[in-house]
Amino acid sequence: MDYFIAVAEERSFTHAARRLSVTQQTLSAHIAGVERELGVRLVNRRVPLTLTYAGHEFLSYARRFQAEHRAMRQEFRDISGDERGLLGVGVASTRGRMIMPRALSVFQEAHPGVNVLLHEEENAVLIELLREGRVDVIVASVPEDEPGFVVRELYHERVVLLATDDLLRRACDDPAAAVAEVERTGSLAPLSACPFMLLGQGDEPGDLSRRILAASGVSPWERVRSRNSETLVDLAARGVGACFVPYDLASSVLAVGGGGARGLRAIGLGPEAQISISVAWRAAPHVWSVIESFCELLDEQLSDDAVRLAHRGRT
């Protein structure tokens, strides 16, 4: 199962063999053996390698088996009191940068036998990774009634618009009045002539920004699209366009990075411009105690952070 999953994910026998630390001939022979046993062809052996219909079906079974195998090992580690293993954590890259360094340092002090594998992906991909059992827990925007998941809300992530004063002067006749109107109404109509920089679709902050623009009746001049919020922040500081970022990231840039000196400002977008961020794991009869410990740590840390950010936002 592990061999086939590696081939399916790498789309190459060469890369999969390197990942598994086996020879390409050994790997190919194993896959051929499975095909003979099942009586179907699983892969199309060409470049790039693709899966047949049967291969896609087999991949679904393989991932379920792999997830069940990992869950079994985790349960028996709990029974034996052996707190070792690998915890797979999924999180968006910007959110991970904001919350994971402190969370993981505290977690690994308390659980030195547990290693962590971080998967940094867009929101929709994280949900799929958890559904397939390829990660143990995700920090993401997840509906509370998502089938097959246990979802616990952590905090609300406020989103603001980051832009330079020079950019606003070029886009508006009266920048101060335009900004005041945006912050009062949450509508971006006064900034409709402004070039915007957006995150990709499938990334919750990017989708939220598109919803705000649509509700404002603005067909945006999308000057840049990126999967990386930090890249957009750097471009915003250079006056390339305005970008939508979490308030925590914007405040850090303004406070630490000298954003104010460069003319950067964070523009509030009203109470609707926020994302509910949750921690989620797969529903199962037994949940690995390490998963529960990690989620409790996140809950405690981010509850404290939410109070701090709310206070900072008021002041």
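Mentor: Begin with the contact between helix 1 and helix 2, where Asp2, Tyr3, Ile5, Ala6, Val7, Glu9 and Glu10 of helix 1 meet Phe13, His15, Ala16, Arg19 and Leu20 of helix 2; contact means heavy atoms within 4.5 Å, and helices (H or I, at least four residues) and strands (E, at least two) are DSSP runs numbered from the N terminus. By class, this contact of helix 1 with helix 2 has seven nonpolar, one polar and four charged residues, where Ala, Val, Leu, Ile, Met, Phe, Trp, Tyr, Cys and Pro count as nonpolar, Asp, Glu, Lys and Arg as charged, and the others, Gly among them, as polar. Please keep in mind that this is a predicted model, in which local features need pLDDT of at least 70 and side-chain atom pairs count only at pLDDT 80 or more, while totals for chains, interfaces and linings use all residues. Residues are numbered from 1 along each chain as its sequence is written, and side-chain values use heavy atoms, with hydrogens and water left out.

As for the geometry, helix 1 (residues 2-10) and helix 2 (residues 13-20) pack at an angle of about 130°, with their axes 8 Å apart; axes are lines fitted to C-alpha atoms, for helices over the stretch in contact, and angles run from 0 to 180 degrees between N-to-C directions. Helix 1 is therefore oblique to helix 2, given that angles under 35 degrees count as roughly parallel, over 145 as roughly antiparallel, 65 to 115 as roughly perpendicular and the rest as oblique. In the loop between these two helices lies Arg11, which has a positive phi of about 55° although it is not a glycine.

Helix 2 then packs against helix 3 (residues 24-38) at an angle of about 105°, with their axes 9 Å apart, so helix 2 is roughly perpendicular to helix 3. Here Phe13, Thr14, Ala16, Ala17 and Leu20 of helix 2 meet Gln24, Leu27, Ser28 and Ile31 of helix 3, and by class this contact has six nonpolar, three polar and no charged residues.

The axes of helix 1 and helix 3 come within 10 Å and cross at roughly 105°, so helix 1 is roughly perpendicular to helix 3. Tyr3, Phe4 and Val7 of helix 1 make this contact with Leu27, His30 and Ile31 of helix 3, and it has five nonpolar, one polar and no charged residues.

Further along, Pro48 sits in the loop between strand 1 (43-44) and strand 2 (50-51), and the peptide bond from Val47 to Pro48 is cis, with omega near -5°. Over residues 1-52 the chain is 62% helix and 8% strand, with the end C-alpha atoms 16 Å apart. For residues 1-52, an unreviewed UniProt entry lists "domain: HTH lysR-type"; UniProt positions are given in the numbering used here, feature names are shortened, and annotations may be inferred rather than shown by experiment.
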